[in-house]
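Please work through each task before reading its solution.

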Amino acid sequence: MSFHDNGKRRELTTPERSRIVEARNQGASWRAIEHEFPVTVQGAKKGFDRWKETGSLRHVKHKGRYKKLGESNEWYLLQLASQNPYATLAGIIADS
């Protein structure tokens, strides 16, 4: 991920990754890459290492947040909510 001028991080685009790999292959230092592109030294190294390992510049998909409820629990709560849309957690626990 790289940094915008406002300090917020974002994923590097494929062309940006390509230019970073090109610059490194042409002998640019990590610090020079950091100053030329919107990326930290660590971010540039990670992208370059991933390219060396996989040969791909595509971004890696992240799994995201794990669900806290299983499918059966989610189904149960949806059934309770359809029966009584104004039910509270305390009321559900008391009825169980």
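**Exercise 1.** Determine which residues Phe-37 touches, not counting residues up to four places away in sequence.

*Solution.* Contact requires heavy atoms within 4.5 Å. By this criterion Phe-37 touches Arg-19, Ile-20 and Ala-23. The model is predicted: local features need pLDDT of at least 70, side-chain atom pairs count only at pLDDT 80 or more, and totals for chains, interfaces and linings use all residues. Residues are numbered from 1 along each chain as its sequence is written, and side-chain values use heavy atoms, with hydrogens and water left out.

**Exercise 2.** Classify the aromatic pair of Trp-30 and Phe-48, then that of Phe-48 and Trp-51.

*Solution.* Step 1: rings of Phe, Tyr and Trp (its six-membered ring) pair if their centres lie within 6.5 Å; planes under 30 degrees apart are stacked, over 60 edge-to-face, and the rest tilted. The structure holds two such pairs.

Step 1: Phe-48 and Trp-51 form a tilted pair, with 5.6 Å centre to centre and 40° between the planes. Trp-30, Phe-48 and Trp-51 form one aromatic cluster.

**Exercise 3.** State whether Phe-48 and Lys-52 are buried or exposed.

*Solution.* Buried means under 20% relative accessible area, exposed over 50%, and partly exposed in between (1.4 Å probe, protein chains only). Phe-48, at 8%, is buried. Lys-52, at 57%, is exposed.
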